[in-house]
Amino acid sequence: MSLGQKLHPHLPFLRRYARALTGSQTHGDAYVRATLEAIVAAPEEFPSDVDPRLGLYRTFHAIWSSSHLEDEPFAGGDGREAIAQARLARLTPLPRQALLLTALEGFTVDDVAYLIGMEPSDVEALVEEALTEIEAQTRAKVLIIEDEPIIAMDIETIVRDLGHEVTAIAVTREDAVREAMAERPGLVLADIQLADDSSGIDAVKDILSEISVPVIFITAFPERLLTGERPEPTFLITKPFQRSTVKAAISQALFFDQATAPA
């Protein structure tokens, strides 16, 4: 099998990575094109002692690190993609590389160390730096709608551990709406069945009629929201929940929220 045949299956994914790294399809494709031109011009210099995909990305990084397109602003996009690009643009180049190579491309830490010429421990530190920066970008005020005190306290701890502020813990529909209007939250975590037999679903509807805010439902009755008869929530966690699941949902909801997007 020729080198071109070996590399061909990996090119769409290299284009995806290049676009995420540069924030521009035009610039990303230009880097990929330059990478392929370099390989065609000197195939004997292509790394032959590693997997072809590793060699391809290694060559790409040699091209990318030697150019100056990194100074160009990230291109605009629509919706969730634009928000993600804005967040990534705030990261300095090395942490952005490390995060994308591990989280998007699925390379191991050892692979990334090879690709960017660093020690594995340094790669781990870069990924942690990137995640910390993204968390700082997505700090938000959170309204908790939950009538069970122990569960409410557990959720509050999770929220605060992530660095967010809890504006209030509401136990009824009326409380929830009042608290949301008093101090508008950047995220709502809501149960369905509330203290006075009122509905968390109705509370959220009332809140969303006044403000735009991402909502995560945490409930023992998911079937009440998964009927297929109306728009269903993007984030739905079933009780009893894992703390890691709640943390992941919070981070995901805020990552793509326009209100916390970098200016």
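What covers the buried residues of α7?

1. The model is predicted, with local features requiring pLDDT of at least 70 and side-chain atom pairs pLDDT 80 or more, while totals for chains, interfaces and linings use all residues. Residues are numbered from 1 along each chain as its sequence is written, and side-chain values use heavy atoms, without hydrogens and water.

2. The cover over the buried residues of α7 includes α4 (52–65), α6 and α8; contact here means heavy atoms within 4.5 Å. Helices are DSSP runs (H or I, at least four residues), as strands are (E, at least two), numbered from the N terminus.

3. Val-112, Ala-113, Leu-115 and Ile-116 are the buried residues named in α7, where buried means under 20% relative accessible area, exposed over 50% and partly exposed in between (1.4 Å probe, protein chains only). Viewed down the axis of α7, the buried residues fall within an arc of 165 degrees, so they line one face of the helix; the arc is that of the directions from the helix axis to the C-beta atoms. After α7 comes Gly-117, with a positive phi near 70 degrees.

4. Glu-105 sits in the loop between α6 (93–104) and α7 (109–116). Glu-105 is buried, its relative accessible area being 5%. Leaving aside neighbours within four places in sequence, the residues in contact with Glu-105 are Phe-13, Arg-16, Tyr-17, Arg-53, Tyr-57 and Leu-100.
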